[in-house]
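This report describes a ligand site and a few loop residues in one protein model. The sequence and coordinates come first, and the text follows.

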Amino acid sequence: MSDHRKERTLVIIKPDGVQRSLIGEIVGRFERVGLKLVGLKFMVPDAAQVEEHYTLDPEWKRKVGEKAIESYKKKGQTPPSEDPNVIGNAVVERLKNYMTSGPAVLMVWQGAHAVELVRKLVGGTEPRSSDVGTIRGDFVLDSYSMADTDDRAIRNLIHASGTVDEAKQELALWFGEKEVVEYRLVAESILYDVNLDGILE
Ligand code: GDP
Ligand code: MG
C-alpha cells in the first residue's frame, strides 16, 4: 500500500520568480498548507536539462502546439504553422531561453496530494486568467498574447509537476537520491496521526 504522506512533486521557481523577490512568499505558501520541503537547490538551469524536462512526455510538444494553434484561431489570427510539432518545438526553444536566463530555485515538496495541492496553489498556466488567490494569479500579469507578440515563453513564475507520474520523471531528472532528505516534521503529527494523543497534559 502506498503511503499518502510520501507523495512528492517538483517545484521550480523560475528566473522571473527569483528576480521578483518572491522566493520567500512562494515557499511560504507550500509550507502553510502543510507540505514538507525535502529537497532544495539554487542554480542556473542547463539548456539541455530544460529541453529534457519539457520533452519527458513525448506528447507534450504536440499537445502544447495544438493548444497554441487553437488559441491563435480563437483570436482570429493565423498560426505561424499548422503543424503542432513545429509550434511545440518553438515553445521549447522559448522555454530554454527563459529558464536559463538566471538562477532558479528547485524544490521537492512532499505530503498528501502534493502534486494536486501544489498545482491548485500555483494556478493556471496563463497569469492573466489564473484565479485570484493563486501564486500566478496574485503575483504576475503575463498573457499568451503578450508572450506570442514578443516571441517568448509566458512568464508565470513557477513550474509544478502536473501528475504523479510526471513528478516522478521530473524529480529523477533534477534530483539525485542523496539530494532528497527523509526526516520527520513535527507538524506531521497533527496533520496525519490517527489519534491526537500527547497534546493534553
Ligand atoms: P504548466 O504546466 O501550467 O506550467 O503549463 P505547460 O506544461 O502547458 O507549459 C509549460 C510552460 O511553457 C508554461 O509554464 C509556459 O511558461 C510555457 N508555455 C506553455 N504554453 C505556451 C504557449 O502557448 N505560449 C507561450 N508563449 N508559452 C507557453
Ligand atoms: Mg506542465
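Predicted model: local features only at pLDDT ≥ 70, side-chain atom pairs only at ≥ 80, totals over all residues.

Residues are numbered from 1 along each chain as its sequence is written, chains are lettered from A and ligands numbered from 1 in the order in which they are written, and side-chain values use heavy atoms, with hydrogens and water left out.

**Ligand 1**

| Residue | Distance to an oxygen atom of ligand 1 |
|---|---|
| Arg-136 | 3.1 Å |
| Asn-156 | 2.7 Å |

Taken alone, ligand 1 exposes 540 Å², and the protein buries 93% of that (Shrake-Rupley method with a 1.4 Å probe; for residues, only the protein chains shown count as cover).

The shell around ligand 1 holds 18 residues, and the closest are Arg-119, Thr-125, Arg-152, Ile-154 and Asn-156; a residue is near a molecule if one of its heavy atoms lies within 4 Å of it. By class, the shell has 9 nonpolar, 2 polar and 7 charged residues. Here Ala, Val, Leu, Ile, Met, Phe, Trp, Tyr, Cys and Pro count as nonpolar, Asp, Glu, Lys and Arg as charged, and the others, Gly among them, as polar. Helix H4 (60–74) gives the largest share of the shell, 4 residues. Helices are DSSP runs of H or I with at least four residues, strands are runs of E with at least two, and both are numbered from the N terminus.

**Loop residues**

Asp-142 lies in the loop between helix H7 (135–139) and H8. Asp-142 is buried, at 3% relative accessible area (buried means under 20%, exposed over 50%, partly exposed in between; 1.4 Å probe, protein chains only). A polar atom of the Asp-142 side chain is 2.7 Å from the backbone nitrogen of Arg-155.

Two non-glycine residues have positive phi. Ser-21 has phi near 55° and sits in the loop between helix H1 (15–19) and helix H2 (23–33). Its relative accessibility is 64%, so Ser-21 counts as exposed. Leu-157 has phi of about 70° and lies in the loop between H8 and strand E4 (158–160). Leu-157 is buried, with a relative accessible area of 0%.

Key: Polar contact = N/O pair within 3.5 Å; in protein donor to acceptor, adjacent residues only side chain to side chain.
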